[in-house]
Amino acid sequence: KFQLNILRNYLQAEDKIKEGIVFSDRGIGDGLAYYYHEVITPPKELVDEMKKKRYDKVFYLDALEYKTDRVRNEGKEVASRVGRKILETYRKFGYKVVVVPVMSVEERVDFIVSRL
């Protein structure tokens, strides 16, 4: 239920966007990936939203050095598996995914901007 509420909030926020280029640090595919990671069948409404091709392009940033904190409390191995599941989920639904390699912030910005 917690994940479903998060995803519904994503959808509400996204639905307020009318036009232009928008960057978000999370999307529906991220939330669905957590369902798939935990081997839980996601709600049909979320799968249907994902099928609508809400995003023209998805930038997937390769992970930097991993540190746990009060929010990110899973270990590096679990975080890595979830990351792979997120990438796999977007691809499974046919989204164009651009993988952004580890590099400096400036280089990552240039990499992304050159691929818009």
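At what angle do helix α1 and helix α3 pack, and how far apart are their axes? In this predicted model, local features require a pLDDT of at least 70 and side-chain atom pairs a pLDDT of 80 or more, while totals for chains, interfaces and linings use all residues. Residues are numbered from 1 along each chain as its sequence is written, and side-chain values use heavy atoms, with hydrogens and water left out.

Helix α1 (residues 2-15) packs on helix α3 (residues 44-51) at an angle of about 35°, and the axes lie 11 Å apart. Helices here are DSSP runs of H or I with at least four residues, numbered from the N terminus; axes are lines fitted to C-alpha atoms over the stretch in contact, with angles from 0 to 180 degrees between N-to-C directions. The crossing of α1 and α3 is left-handed, that is, the near helix is turned anticlockwise from the far one by less than a right angle. From α1, the residues L4, L7, R8 and L11 meet E45, L46 and E49 of α3. Four nonpolar, no polar and three charged residues make up this contact (Ala, Val, Leu, Ile, Met, Phe, Trp, Tyr, Cys and Pro count as nonpolar, Asp, Glu, Lys and Arg as charged, and the others, Gly among them, as polar).

E49, in helix α3, is buried, with a relative accessible area of 17% (buried means under 20% relative accessible area with a 1.4 Å probe, protein chains only). Its side chain and that of K52 are joined by a polar contact of 3.0 Å (a pair of N or O atoms within 3.5 Å, one able to donate a hydrogen and the other to accept it). Apart from neighbours within four places in sequence, E49 is in contact with L11, I28, R54 and Y95 (heavy atoms within 4.5 Å).

Helix α2 (residues 28-37) is largely enclosed by the rest of the structure, because seven of its 10 residues are buried. These are I28, G29, D30, G31, L32, A33 and Y35, and they pack against α1, α3 and α4 (76-92). V39, with a positive phi near 55°, follows α2.

The angle between α1 and α2 is about 170°, with axes 9 Å apart. The two helices are therefore roughly antiparallel (over 145 degrees). Their crossing is left-handed. Q3, L4, L7, Y10, L11 and E14 of α1 make the contact with I28, G31, L32, Y34 and Y35 of α2. Eight of the residues in this contact are nonpolar, two polar and one charged.

Methods. Buried means under 20% relative accessible area, exposed over 50%, partly exposed in between (1.4 Å probe, protein chains only). Angles under 35 degrees count as roughly parallel, over 145 as roughly antiparallel, 65 to 115 as roughly perpendicular and the rest as oblique.
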